[in-house]
Amino acid sequence: MPSIARQLWQQQNRHSIQQKTRSFSITSSQRLKVLFFGTDEFGAKILKALAENKRNPNPLITELAVVCPATRYYSKLRANKPRVMFQAHTDIIAHKYNLPVMNPPEGKSLTGWAPNGIDGKPLLGFGNEFDIGVVASFGMFLPPRIISMFPKGMINVHPSLLPHYRGPSPIQAALLNGDTSTGVTIQEVHPQVMDGGRVLAQLPYEIDPRDKYIDMAHAIGRLSGSLTIQVLENLDFVRRHAVDQDASLATQTKLYKKVDAQIIWEQMTATDIMRMHRAFYQKEPVHTFLRIKNKIHHVQFMELVEPKKDPLSDDFAASDPGTAFFMKKVPYVEIKCIDGSRIHVTRFKVAGKAERDAFQFAAGYHDRRKGMRLLSRSADMKRPTPPFVYPPGYERPAAPEPASDGAAPEPASDDAASDLETLVDPVSDSESRSGSNGDGDNSK
(Lines give C-alpha, C1' and ligand atoms only; values in the text may rest on other atoms or scores of the structure.)
Protein backbone atom coordinates (compact mmCIF):
# COMPACT_ATOMS: atom_id res chain seq x y z
CA MET A 1 0.00 0.00 0.00
CA PRO A 2 1.63 3.30 -0.99
CA SER A 3 1.64 5.77 1.87
CA ILE A 4 -0.59 8.83 1.85
CA ALA A 5 2.53 11.00 1.80
CA ARG A 6 3.43 9.59 -1.62
CA GLN A 7 -0.05 10.35 -2.90
CA LEU A 8 0.04 14.04 -2.01
CA TRP A 9 -0.11 16.29 -5.05
CA GLN A 10 0.96 13.56 -7.48
CA GLN A 11 0.79 14.52 -11.15
CA GLN A 12 3.35 12.15 -12.66
CA ASN A 13 2.26 9.91 -15.54
CA ARG A 14 1.40 6.56 -14.02
CA HIS A 15 -0.30 3.87 -16.06
CA SER A 16 -2.03 1.96 -13.24
CA ILE A 17 -2.44 2.09 -9.47
CA GLN A 18 -3.74 -0.90 -7.60
CA GLN A 19 -5.49 -0.25 -4.33
CA LYS A 20 -5.31 -2.84 -1.52
CA THR A 21 -7.22 -2.91 1.74
CA ARG A 22 -5.34 -2.24 4.94
CA SER A 23 -5.56 -4.78 7.73
CA PHE A 24 -4.96 -3.28 11.15
CA SER A 25 -7.00 -2.78 14.27
CA ILE A 26 -9.15 0.37 14.49
CA THR A 27 -9.13 1.90 17.96
CA SER A 28 -12.19 3.53 19.49
CA SER A 29 -10.60 6.97 19.13
CA GLN A 30 -10.26 6.46 15.36
CA ARG A 31 -13.84 5.42 14.70
CA LEU A 32 -15.97 7.97 12.91
CA LYS A 33 -19.60 8.98 12.49
CA VAL A 34 -19.85 10.18 8.91
CA LEU A 35 -22.49 12.27 7.15
CA PHE A 36 -22.21 11.86 3.38
CA PHE A 37 -23.36 14.51 0.86
CA GLY A 38 -23.72 13.33 -2.75
CA THR A 39 -26.01 12.76 -5.73
CA ASP A 40 -24.72 11.13 -8.92
CA GLU A 41 -23.01 7.92 -10.07
CA PHE A 42 -19.59 9.11 -8.96
CA GLY A 43 -20.84 9.91 -5.46
CA ALA A 44 -22.68 6.57 -5.28
CA LYS A 45 -19.42 4.64 -5.74
CA ILE A 46 -17.83 6.49 -2.82
CA LEU A 47 -20.90 6.02 -0.63
CA LYS A 48 -20.79 2.29 -1.39
CA ALA A 49 -17.15 2.11 -0.21
CA LEU A 50 -18.10 3.86 3.05
CA ALA A 51 -21.10 1.57 3.56
CA GLU A 52 -18.99 -1.54 2.95
CA ASN A 53 -16.48 -0.34 5.53
CA LYS A 54 -19.31 0.12 8.04
CA ARG A 55 -20.16 -3.58 7.57
CA ASN A 56 -16.64 -4.77 8.42
CA PRO A 57 -16.07 -6.66 11.70
CA ASN A 58 -13.70 -3.90 12.85
CA PRO A 59 -15.04 -0.84 10.99
CA LEU A 60 -13.58 2.63 10.79
CA ILE A 61 -17.08 4.05 10.21
CA THR A 62 -19.59 3.25 12.95
CA GLU A 63 -22.45 5.48 11.83
CA LEU A 64 -23.29 6.63 8.32
CA ALA A 65 -26.13 8.82 7.05
CA VAL A 66 -26.77 10.40 3.65
CA VAL A 67 -27.84 13.84 2.44
CA CYS A 68 -29.13 13.85 -1.16
CA PRO A 69 -31.92 15.49 -3.21
CA ALA A 70 -35.42 14.13 -2.66
CA THR A 71 -36.95 11.74 -5.18
CA ARG A 72 -39.35 13.46 -7.58
CA TYR A 73 -42.39 11.81 -9.15
CA TYR A 74 -44.58 12.48 -12.18
CA SER A 75 -47.95 14.01 -11.38
CA LYS A 76 -49.83 11.26 -13.23
CA LEU A 77 -49.88 7.66 -12.08
CA ARG A 78 -49.28 4.67 -14.31
CA ALA A 79 -51.06 1.43 -13.40
CA ASN A 80 -52.10 3.16 -10.17
CA LYS A 81 -48.45 3.48 -9.16
CA PRO A 82 -46.29 6.60 -8.88
CA ARG A 83 -43.67 7.04 -11.59
CA VAL A 84 -40.19 8.20 -10.66
CA MET A 85 -39.03 11.32 -12.51
CA PHE A 86 -35.71 11.62 -10.68
CA GLN A 87 -33.95 9.62 -7.98
CA ALA A 88 -30.40 10.30 -6.82
CA HIS A 89 -27.98 7.41 -7.34
CA THR A 90 -26.82 7.87 -3.76
CA ASP A 91 -30.43 7.48 -2.56
CA ILE A 92 -30.55 4.06 -4.25
CA ILE A 93 -27.33 2.99 -2.49
CA ALA A 94 -28.59 4.36 0.83
CA HIS A 95 -31.74 2.24 0.65
CA LYS A 96 -29.73 -0.82 -0.38
CA TYR A 97 -27.59 -0.52 2.78
CA ASN A 98 -30.45 0.70 5.00
CA LEU A 99 -28.79 4.05 5.66
CA PRO A 100 -30.74 7.05 7.01
CA VAL A 101 -31.42 9.69 4.36
CA MET A 102 -31.96 13.44 4.74
CA ASN A 103 -33.30 15.60 1.90
CA PRO A 104 -32.31 19.28 1.73
CA PRO A 105 -34.82 21.79 0.36
CA GLU A 106 -35.30 21.89 -3.41
CA GLY A 107 -33.20 24.43 -5.24
CA LYS A 108 -29.56 25.43 -5.14
CA SER A 109 -29.37 26.89 -1.65
CA LEU A 110 -29.16 25.41 1.85
CA THR A 111 -30.37 28.60 3.52
CA GLY A 112 -32.28 27.78 6.69
CA TRP A 113 -31.40 24.09 6.56
CA ALA A 114 -28.99 22.07 8.68
CA PRO A 115 -28.37 18.32 8.88
CA ASN A 116 -29.12 18.27 12.62
CA GLY A 117 -32.58 19.74 12.07
CA ILE A 118 -34.26 23.13 12.11
CA ASP A 119 -34.17 25.28 15.26
CA GLY A 120 -32.00 22.74 17.05
CA LYS A 121 -34.46 19.85 16.66
CA PRO A 122 -32.40 16.71 15.87
CA LEU A 123 -33.11 14.54 12.85
CA LEU A 124 -32.70 10.76 12.74
CA GLY A 125 -31.43 10.63 16.32
CA PHE A 126 -27.91 11.81 15.41
CA GLY A 127 -28.12 15.45 16.52
CA ASN A 128 -24.68 17.09 16.46
CA GLU A 129 -22.82 13.80 16.90
CA PHE A 130 -21.40 13.53 13.36
CA ASP A 131 -17.60 13.65 13.41
CA ILE A 132 -16.93 14.52 9.79
CA GLY A 133 -18.74 15.32 6.55
CA VAL A 134 -17.76 13.69 3.24
CA VAL A 135 -18.88 15.41 0.02
CA ALA A 136 -18.84 13.99 -3.53
CA SER A 137 -20.76 15.60 -6.43
CA PHE A 138 -23.38 17.11 -4.17
CA GLY A 139 -24.22 20.07 -6.39
CA MET A 140 -24.84 22.66 -3.63
CA PHE A 141 -22.46 25.08 -1.95
CA LEU A 142 -21.93 24.24 1.72
CA PRO A 143 -21.92 27.39 3.90
CA PRO A 144 -19.49 27.89 6.81
CA ARG A 145 -22.20 27.26 9.41
CA ILE A 146 -22.62 23.67 8.15
CA ILE A 147 -18.87 23.05 7.87
CA SER A 148 -18.37 24.21 11.45
CA MET A 149 -20.91 21.66 12.73
CA PHE A 150 -18.41 18.81 12.28
CA PRO A 151 -15.61 18.54 14.85
CA LYS A 152 -13.26 17.08 12.21
CA GLY A 153 -14.49 19.36 9.43
CA MET A 154 -15.52 18.27 5.94
CA ILE A 155 -13.64 16.72 3.04
CA ASN A 156 -14.57 16.80 -0.64
CA VAL A 157 -13.84 14.07 -3.22
CA HIS A 158 -13.45 15.68 -6.67
CA PRO A 159 -12.87 13.76 -9.96
CA SER A 160 -9.98 15.86 -11.31
CA LEU A 161 -6.46 16.85 -10.38
CA LEU A 162 -7.22 20.16 -8.70
CA PRO A 163 -6.79 23.05 -9.27
CA HIS A 164 -7.66 21.92 -12.80
CA TYR A 165 -11.35 21.54 -13.63
CA ARG A 166 -12.96 23.00 -10.55
CA GLY A 167 -16.74 23.04 -10.67
CA PRO A 168 -19.63 20.68 -11.42
CA SER A 169 -18.49 18.83 -14.58
CA PRO A 170 -14.80 17.84 -14.46
CA ILE A 171 -15.24 14.46 -16.18
CA GLN A 172 -17.21 15.93 -19.08
CA ALA A 173 -14.68 18.75 -19.45
CA ALA A 174 -11.78 16.30 -19.65
CA LEU A 175 -13.54 14.30 -22.37
CA LEU A 176 -14.60 17.36 -24.37
CA ASN A 177 -11.04 18.68 -24.31
CA GLY A 178 -9.58 15.37 -25.45
CA ASP A 179 -7.43 14.89 -22.33
CA THR A 180 -5.49 11.65 -22.05
CA SER A 181 -5.41 11.68 -18.24
CA THR A 182 -7.22 13.14 -15.26
CA GLY A 183 -7.50 11.98 -11.65
CA VAL A 184 -9.15 12.34 -8.28
CA THR A 185 -8.47 14.83 -5.50
CA ILE A 186 -9.50 14.74 -1.84
CA GLN A 187 -9.47 18.22 -0.37
CA GLU A 188 -10.77 20.12 2.60
CA VAL A 189 -14.07 21.89 1.95
CA HIS A 190 -13.35 25.61 1.57
CA PRO A 191 -15.89 27.95 3.21
CA GLN A 192 -15.78 30.51 0.37
CA VAL A 193 -14.28 28.97 -2.80
CA MET A 194 -15.88 25.98 -4.52
CA ASP A 195 -13.26 23.21 -4.81
CA GLY A 196 -10.61 25.61 -3.45
CA GLY A 197 -9.59 23.82 -0.24
CA ARG A 198 -6.22 22.37 0.73
CA VAL A 199 -5.32 19.13 -1.04
CA LEU A 200 -5.06 16.07 1.20
CA ALA A 201 -4.40 13.38 -1.43
CA GLN A 202 -4.46 12.85 -5.19
CA LEU A 203 -4.31 9.92 -7.60
CA PRO A 204 -4.04 10.09 -11.41
CA TYR A 205 -6.30 8.23 -13.84
CA GLU A 206 -5.41 7.42 -17.45
CA ILE A 207 -8.31 7.98 -19.86
CA ASP A 208 -8.93 5.16 -22.31
CA PRO A 209 -9.76 6.47 -25.83
CA ARG A 210 -13.02 4.47 -25.65
CA ASP A 211 -14.07 5.78 -22.23
CA LYS A 212 -17.47 7.44 -21.98
CA TYR A 213 -18.74 9.55 -19.10
CA ILE A 214 -20.47 6.68 -17.36
CA ASP A 215 -17.37 4.47 -17.64
CA MET A 216 -15.16 7.12 -16.07
CA ALA A 217 -17.67 7.98 -13.34
CA HIS A 218 -17.70 4.36 -12.21
CA ALA A 219 -13.95 3.75 -12.58
CA ILE A 220 -12.83 6.97 -10.88
CA GLY A 221 -15.57 6.50 -8.29
CA ARG A 222 -14.17 3.09 -7.29
CA LEU A 223 -10.65 4.55 -7.12
CA SER A 224 -11.96 7.45 -5.05
CA GLY A 225 -13.81 5.20 -2.62
CA SER A 226 -10.61 3.36 -1.74
CA LEU A 227 -8.65 6.61 -1.41
CA THR A 228 -11.36 8.15 0.80
CA ILE A 229 -11.09 5.29 3.27
CA GLN A 230 -7.30 5.75 3.38
CA VAL A 231 -7.63 9.47 4.04
CA LEU A 232 -10.15 8.90 6.84
CA GLU A 233 -7.84 6.30 8.41
CA ASN A 234 -4.92 8.77 8.30
CA LEU A 235 -6.85 12.03 8.71
CA ASP A 236 -4.47 13.75 11.16
CA PHE A 237 -1.43 12.76 9.11
CA VAL A 238 -2.75 14.01 5.75
CA ARG A 239 -3.89 17.29 7.28
CA ARG A 240 -0.39 17.94 8.62
CA HIS A 241 0.92 17.44 5.08
CA ALA A 242 -1.90 19.23 3.22
CA VAL A 243 -0.95 21.37 0.19
CA ASP A 244 -2.50 24.71 -0.75
CA GLN A 245 -3.80 24.96 -4.30
CA ASP A 246 -2.18 27.35 -6.75
CA ALA A 247 -5.13 29.55 -7.69
CA SER A 248 -3.27 30.88 -10.76
CA LEU A 249 -3.50 27.39 -12.31
CA ALA A 250 -7.20 26.94 -11.61
CA THR A 251 -9.59 26.19 -14.46
CA GLN A 252 -13.36 26.23 -14.10
CA THR A 253 -16.04 23.94 -15.53
CA LYS A 254 -19.71 24.74 -16.04
CA LEU A 255 -22.97 22.86 -15.64
CA TYR A 256 -23.69 21.64 -19.16
CA LYS A 257 -27.13 22.03 -20.72
CA LYS A 258 -28.99 20.39 -23.57
CA VAL A 259 -27.77 22.95 -26.09
CA ASP A 260 -24.15 21.93 -25.39
CA ALA A 261 -24.89 18.55 -27.02
CA GLN A 262 -26.25 20.11 -30.24
CA ILE A 263 -24.28 19.41 -33.42
CA ILE A 264 -23.30 22.45 -35.50
CA TRP A 265 -22.43 21.04 -38.91
CA GLU A 266 -20.80 24.33 -39.98
CA GLN A 267 -18.20 24.03 -37.20
CA MET A 268 -17.75 20.52 -35.84
CA THR A 269 -15.42 17.79 -37.01
CA ALA A 270 -15.98 14.08 -36.40
CA THR A 271 -13.53 14.32 -33.48
CA ASP A 272 -15.60 17.10 -31.90
CA ILE A 273 -18.83 15.10 -32.24
CA MET A 274 -17.30 11.89 -30.88
CA ARG A 275 -15.97 13.80 -27.85
CA MET A 276 -19.44 15.23 -27.24
CA HIS A 277 -20.95 11.76 -27.50
CA ARG A 278 -18.49 10.36 -24.95
CA ALA A 279 -18.90 13.32 -22.59
CA PHE A 280 -22.71 13.32 -22.52
CA TYR A 281 -23.35 9.60 -22.99
CA GLN A 282 -26.50 8.49 -21.08
CA LYS A 283 -26.95 12.10 -19.94
CA GLU A 284 -27.89 14.09 -23.03
CA PRO A 285 -27.35 12.44 -26.46
CA VAL A 286 -25.84 14.56 -29.19
CA HIS A 287 -28.63 15.80 -31.42
CA THR A 288 -29.45 17.53 -34.67
CA PHE A 289 -32.47 18.50 -36.78
CA LEU A 290 -34.09 16.90 -39.80
CA ARG A 291 -36.54 18.56 -42.18
CA ILE A 292 -39.01 16.25 -43.89
CA LYS A 293 -41.46 18.11 -46.12
CA ASN A 294 -42.69 21.01 -43.96
CA LYS A 295 -41.93 19.47 -40.59
CA ILE A 296 -38.83 19.64 -38.40
CA HIS A 297 -37.81 16.51 -36.48
CA HIS A 298 -35.47 16.56 -33.50
CA VAL A 299 -33.06 13.61 -33.90
CA GLN A 300 -30.76 12.20 -31.22
CA PHE A 301 -27.74 10.05 -32.02
CA MET A 302 -27.82 7.33 -29.35
CA GLU A 303 -24.78 5.31 -30.47
CA LEU A 304 -21.80 6.40 -32.55
CA VAL A 305 -18.79 4.37 -33.68
CA GLU A 306 -15.47 5.28 -35.26
CA PRO A 307 -15.37 4.68 -39.05
CA LYS A 308 -13.29 1.66 -40.02
CA LYS A 309 -13.94 1.48 -43.76
CA ASP A 310 -13.80 3.77 -46.78
CA PRO A 311 -16.74 6.15 -47.41
CA LEU A 312 -19.87 4.44 -48.63
CA SER A 313 -20.27 6.61 -51.73
CA ASP A 314 -18.05 8.04 -54.45
CA ASP A 315 -20.01 11.29 -53.98
CA PHE A 316 -18.79 11.65 -50.39
CA ALA A 317 -15.96 14.10 -51.15
CA ALA A 318 -18.19 16.52 -53.08
CA SER A 319 -21.14 16.39 -50.65
CA ASP A 320 -21.99 19.05 -48.08
CA PRO A 321 -21.33 18.54 -44.34
CA GLY A 322 -24.43 17.03 -42.76
CA THR A 323 -25.08 14.84 -45.81
CA ALA A 324 -25.84 11.27 -44.81
CA PHE A 325 -25.20 8.07 -46.72
CA PHE A 326 -26.79 4.69 -46.12
CA MET A 327 -26.16 1.27 -47.61
CA LYS A 328 -28.55 -1.56 -46.89
CA LYS A 329 -25.77 -4.00 -46.10
CA VAL A 330 -24.09 -1.95 -43.32
CA PRO A 331 -25.58 -1.29 -39.84
CA TYR A 332 -24.90 2.46 -39.72
CA VAL A 333 -25.65 5.78 -41.34
CA GLU A 334 -22.54 7.66 -42.46
CA ILE A 335 -22.54 11.46 -42.09
CA LYS A 336 -19.97 13.88 -43.43
CA CYS A 337 -18.43 16.56 -41.18
CA ILE A 338 -16.97 19.99 -41.95
CA ASP A 339 -13.33 18.90 -42.42
CA GLY A 340 -14.16 15.92 -44.61
CA SER A 341 -14.16 13.49 -41.70
CA ARG A 342 -17.21 11.34 -40.95
CA ILE A 343 -19.17 9.67 -38.21
CA HIS A 344 -21.10 6.41 -38.18
CA VAL A 345 -24.40 6.43 -36.26
CA THR A 346 -25.89 3.05 -35.41
CA ARG A 347 -28.90 4.05 -33.27
CA PHE A 348 -31.28 7.02 -33.49
CA LYS A 349 -34.08 8.52 -31.42
CA VAL A 350 -36.56 10.83 -33.15
CA ALA A 351 -38.64 12.97 -30.78
CA GLY A 352 -41.94 11.24 -30.06
CA LYS A 353 -40.76 7.94 -31.55
CA ALA A 354 -39.14 4.79 -30.21
CA GLU A 355 -35.38 4.33 -30.49
CA ARG A 356 -34.39 2.83 -33.85
CA ASP A 357 -31.37 1.21 -35.44
CA ALA A 358 -29.84 2.51 -38.67
CA PHE A 359 -31.93 0.23 -40.91
CA GLN A 360 -35.21 1.33 -39.30
CA PHE A 361 -34.23 4.99 -39.33
CA ALA A 362 -33.30 4.99 -43.01
CA ALA A 363 -36.43 3.04 -43.94
CA GLY A 364 -38.68 5.47 -42.09
CA TYR A 365 -37.09 8.80 -43.00
CA HIS A 366 -35.68 8.42 -46.49
CA ASP A 367 -37.70 9.37 -49.56
CA ARG A 368 -36.00 9.28 -52.96
CA ARG A 369 -38.33 11.95 -54.33
CA LYS A 370 -37.21 14.63 -51.87
CA GLY A 371 -34.34 13.29 -49.80
CA MET A 372 -33.18 14.38 -46.37
CA ARG A 373 -30.73 16.82 -44.84
CA LEU A 374 -29.43 17.15 -41.27
CA LEU A 375 -29.55 20.73 -40.04
CA SER A 376 -27.74 22.58 -37.28
CA ARG A 377 -30.84 24.53 -36.31
CA SER A 378 -34.56 24.45 -36.80
CA ALA A 379 -35.49 25.93 -40.20
CA ASP A 380 -38.29 28.28 -41.29
CA MET A 381 -41.08 26.04 -42.54
CA LYS A 382 -42.40 28.66 -44.96
CA ARG A 383 -39.13 28.92 -46.89
CA PRO A 384 -36.88 26.44 -48.67
CA THR A 385 -33.90 25.21 -46.70
CA PRO A 386 -30.94 27.48 -47.54
CA PRO A 387 -27.83 25.95 -49.09
CA PHE A 388 -24.91 25.01 -46.87
CA VAL A 389 -22.50 27.91 -46.33
CA TYR A 390 -18.89 27.02 -45.58
CA PRO A 391 -17.28 29.10 -42.81
CA PRO A 392 -13.97 30.93 -43.34
CA GLY A 393 -11.11 28.50 -43.69
CA TYR A 394 -13.14 25.86 -45.49
CA GLU A 395 -13.93 25.71 -49.20
CA ARG A 396 -16.56 23.79 -51.09
CA PRO A 397 -14.85 20.97 -53.03
CA ALA A 398 -14.64 21.53 -56.76
CA ALA A 399 -16.82 19.43 -59.04
CA PRO A 400 -14.99 16.39 -60.46
CA GLU A 401 -13.51 16.96 -63.91
CA PRO A 402 -14.90 14.96 -66.86
CA ALA A 403 -12.93 12.05 -68.24
CA SER A 404 -10.00 13.16 -70.48
CA ASP A 405 -11.08 11.02 -73.45
CA GLY A 406 -14.53 12.58 -73.47
CA ALA A 407 -16.20 9.23 -72.89
CA ALA A 408 -19.38 9.31 -70.89
CA PRO A 409 -19.16 7.66 -67.45
CA GLU A 410 -20.54 4.16 -67.16
CA PRO A 411 -24.00 4.01 -65.57
CA ALA A 412 -24.26 2.49 -62.13
CA SER A 413 -25.54 -1.06 -62.00
CA ASP A 414 -29.02 -1.81 -60.72
CA ASP A 415 -27.50 -3.63 -57.74
CA ALA A 416 -25.45 -0.60 -56.76
CA ALA A 417 -28.44 1.71 -57.11
CA SER A 418 -30.53 -0.49 -54.87
CA ASP A 419 -27.81 -0.84 -52.25
CA LEU A 420 -26.76 2.80 -51.83
CA GLU A 421 -29.15 5.39 -50.43
CA THR A 422 -27.85 8.97 -50.35
CA LEU A 423 -29.66 11.31 -47.97
CA VAL A 424 -29.30 14.87 -49.28
CA ASP A 425 -30.89 18.29 -49.00
CA PRO A 426 -33.83 19.19 -51.27
CA VAL A 427 -32.54 21.13 -54.26
CA SER A 428 -35.54 23.42 -54.52
CA ASP A 429 -38.73 24.39 -52.75
CA SER A 430 -40.85 22.90 -55.51
CA GLU A 431 -39.03 19.60 -55.19
CA SER A 432 -39.46 19.65 -51.41
CA ARG A 433 -43.22 19.95 -51.95
CA SER A 434 -43.35 17.13 -54.51
CA GLY A 435 -45.98 14.51 -54.11
CA SER A 436 -45.21 12.59 -50.92
CA ASN A 437 -47.47 11.24 -48.26
CA GLY A 438 -46.67 11.41 -44.54
CA ASP A 439 -44.00 13.21 -42.58
CA GLY A 440 -41.09 10.88 -43.14
CA ASP A 441 -42.40 7.59 -41.72
CA ASN A 442 -43.04 6.24 -45.25
CA SER A 443 -46.80 6.18 -44.60
CA LYS A 444 -48.69 5.68 -47.82
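User: What makes E188, R198 and R239 a network?

Analyst: In this predicted model, E188, R198 and R239 are linked by salt bridges. A salt bridge is a side-chain nitrogen of Lys or Arg within 4 Å of a carboxyl oxygen of Asp or Glu. The structure holds seven salt bridges. As the model is predicted, local features need pLDDT of at least 70 and side-chain atom pairs count only at pLDDT 80 or more, whereas totals for chains, interfaces and linings use all residues. Residues are numbered from 1 along each chain as its sequence is written, and side-chain values use heavy atoms, with hydrogens and water left out.

User: Why is the contact of E41 with K283 called a salt bridge?

Analyst: The closest N and O atoms of E41 and K283 are 3.5 Å apart, which lies within the 4 Å of the definition, so the pair qualifies. E41 belongs to helix α2 (residues 41–54) and K283 to the loop between α8 (270–280) and β10 (286–292), so the pair ties together parts that are 242 residues apart in sequence. Helices (H or I, at least four residues) and strands (E, at least two) are DSSP runs, numbered from the N terminus.

User: How do you know whether E41 is buried or exposed?

Analyst: Buried means under 20% relative accessible area, exposed over 50%, and partly exposed in between (1.4 Å probe, protein chains only). E41 has a relative accessible area of 9% and is therefore buried. K283, at 41%, counts as partly exposed.

User: Why is strand β2 described as largely enclosed?

Analyst: Five of the seven residues of β2 (residues 61–67) are buried, so the strand is largely enclosed by the rest of the structure.

User: How do you know that β2 pairs with strands β1 and β5?

Analyst: Two strands pair if DSSP finds at least two bridges between them. Strand β1 (residues 32–38) and β2 have six bridges in the parallel sense, with F37 opposite V67 in β2. The chain crosses from β1 through α2 to β2 in a right-handed β-α-β crossover, meaning that, with the strands pointing away from the viewer, the path from the first strand over the helix to the second runs clockwise. β2 and β5 (residues 101–102) have two bridges, also parallel, and V66 has V101 in β5 as its bridge partner.
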